[in-house]
Amino acid sequence: VSNELTSVAEGHRLQVLKVTQAVSDLGRELSFRLDRLESDAASQAQRIQELDEGRVTAASKRLEELSETVRTQSVAFGRQEATVSILKDDLKNEQRIRKEETNSKLRELLARPLRPEEQAVSELRQAVSNVRDDCSRL
């Protein structure tokens, strides 16, 4: 019984670990992309300063391109946030399912009849008790 519980618990732990690792990997990717966005924003600030120094036309075009890049990356970041949210929900759901499975297995194990050796010991105890009762009547 405890081996089965250990097996079920280990399986549950491994599933949670996999999901946790996936969420951690996604978090690292998000951090990397956010750093890149911040770097791009700093770069854009430099480009704006160049505009003030007289490169209005060329810098304006580049700024528009960079703005489009930032918008695109912002959209991607928003999708990644949604994905993280979905992964969190999936993790919670997976934990709930694993908990239900574990509880179901526990109920199943508790509902099982005695193993043959336990049944044999119980029968021997009953037989000894019957012999004692018979002897006490004599």
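**Close-up 1. Salt bridge between Glu101 and Arg98 in helix 2**. In this predicted model, local features need pLDDT of at least 70 and side-chain atom pairs count only at pLDDT 80 or more, whereas totals for chains, interfaces and linings use all residues. Residues are numbered from 1 along each chain as its sequence is written, and side-chain values use heavy atoms, with hydrogens and water left out. Glu101 and Arg98 are three residues apart in helix 2, about one turn of the helix (helices are DSSP runs of H or I, at least four residues, numbered from the N terminus). Their side chains meet at 2.5 Å, N to O, in a salt bridge (a side-chain nitrogen of Lys or Arg within 4 Å of a carboxyl oxygen of Asp or Glu). Glu101 is partly exposed at 38% relative accessibility (buried is under 20% relative accessible area, exposed over 50%, partly exposed in between; 1.4 Å probe, protein chains only). A network of salt bridges links Glu94, Arg98 and Glu101.

**Close-up 2. Salt bridge between Glu65 and Arg62**. The closest N and O atoms are 3.2 Å apart. Both residues belong to helix 2, separated by about one helical turn. Glu65 has a relative accessible area of 37% and Arg62 one of 34%.

**Close-up 3. Salt bridge between Asp25 and Arg28**. This pair lies in helix 1 (residues 2-52), with its closest N and O atoms 2.2 Å apart. Asp25 is partly exposed at 42%, while Arg28 is exposed at 52%.

**Close-up 4. Surroundings of Gln73**. Gln73, in helix 2 (residues 56-111), is buried, with a relative accessible area of 16%. Beyond neighbours within four places in sequence, Gln73 contacts Arg36, Leu37 and Asp40 (heavy atoms within 4.5 Å).

Note on methods
Helix = DSSP H or I, 4+ residues; strand = E, 2+ residues; numbered from the N terminus.
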